[in-house]
Amino acid sequence: MATVAAQRCALITTGGTIVTRVDPATGLAMPVLSGQDLLQAVGEEAGDVEVHDFCRVPSPHLGPQQWVGLAPLAQSLLDREDIAGVVVSHGTATLEETAWFLDLTVRSDKPLVVTGAQRNASARDFDGPRNLLTALKLCRAPAARGHGVLVALNEHVNAAREATKTHTVDVETFQSGEWGYLGSVINERISFHRTPMRRLHLPLRSPELPRVGIVPMYAGADGALVRAAVAAGARGIVIEAVASGHVNAAMHEAIALVLQQGVPVVVSTRIPRGGTRVGYGFAGSSALLVEAGAVLSGDLSPWKARIVLMLALQDASLRREALASLFDT
């Protein structure tokens, strides 16, 4: 009996391409499949799986409103002794953001694997069933325990912190940048090459997360969007800067203004590799932004830095030093 219980997995479906099929009337793919439909496509190899159809929407429609329900559901399933691990099926457009939110808010040594598909169920080479089977194998693998939330597609395994979508249609879309994959799942062989060393936990304290906006830096940016974000109610701002965390003088002025108003600012970069660091002294440089009170995101992308800031701002007494330490972890 214990062996059977240890092999049972839970599947939480949220929508995305993995549950879409082309509507003959329009020729366009729409999310229509259930979790049971996905398991039927996998066949007997799926094993014992408990299905929870959480929602069925395109992944651009998924965000904090759904995350605050998804994380407690995943946690409750992982806390059960009869569940070996949990798979979340998700659209690839925002998959890395949901995976990172779950990594920050869910605590368990059991595998929590997020997967999806690049091709819909009407495609001849639909990759959903293979990716789902890969995720289920990871859920039952002792080697997958203790790695945090995993992102698994195309037989590769990524850490949620590092995973990012790099191609709009290629099945080899999720990569881990300069750090490389955590491992792979090929047939029945599950191999891990390294362990994610940088782990961070920020508990979910409220069903309503503080509003945080992302403002891009680009040639000729005038800072108006920084001021507009605060005027619209943002309690924090992430700057998608250039290079290793720089903006121009107009953006610098706007950032300094909102910092003086008590709005926390985290500076990230639009560059995929290398992260943020100080090193220049011109107006708008990362060094002068830090001097003004901003915090650098390190190696986190703007969209992942935003999630950290949202969760951190649940603490109304948050100080700059404490916020900076989260991005150093």
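Tutor: Let's take the strands and their pairing, then the crossovers.

Tutor: This is a predicted model, where local features need pLDDT of at least 70, side-chain atom pairs count only at pLDDT 80 or more, and totals for chains, interfaces and linings use all residues. Residues are numbered from 1 along each chain as its sequence is written, and side-chain values use heavy atoms, with hydrogens and water left out.

Student: In what sense do β5 and β6 pair?
Tutor: Parallel, over four bridges. Two strands pair if DSSP finds at least two bridges between them. Strands (E, at least two residues) and helices (H or I, at least four) are DSSP runs, numbered from the N terminus. β5 spans residues 85–89.

Student: Which residue is the bridge partner of S89 in β6?
Tutor: T115.

Student: And how does the chain get from β5 to β6?
Tutor: Through helix α4, residues 95–105, in a right-handed β-α-β crossover. Right-handed means that, with the strands pointing away from the viewer, the path from the first strand over the helix to the second runs clockwise.

Student: Which handedness does the crossover from β6 to β7 have?
Tutor: Left-handed, through helix α5 (residues 128–139). β6 and β7 (149–153) pair in parallel over three bridges. L112 has V149 as its partner in β7.

Student: Are the faces of β6 covered or open?
Tutor: Both are covered. L112 and V114 on one side are buried, as are V113 and T115 on the other. Buried means under 20% relative accessible area (1.4 Å probe, protein chains only).

Student: New topic. What is the strand order in the open sheet of four?
Tutor: β13-β14-β15-β16, with parallel pairing. β13 (212–216) and β16 (295–296) are the edges, each pairing on one side only.

Student: What stands opposite V267 in β16?
Tutor: L296. β15, residues 265–269, pairs with β16 over two bridges.

Conventions. Buried means under 20% relative accessible area, exposed over 50%, partly exposed in between (1.4 Å probe, protein chains only).
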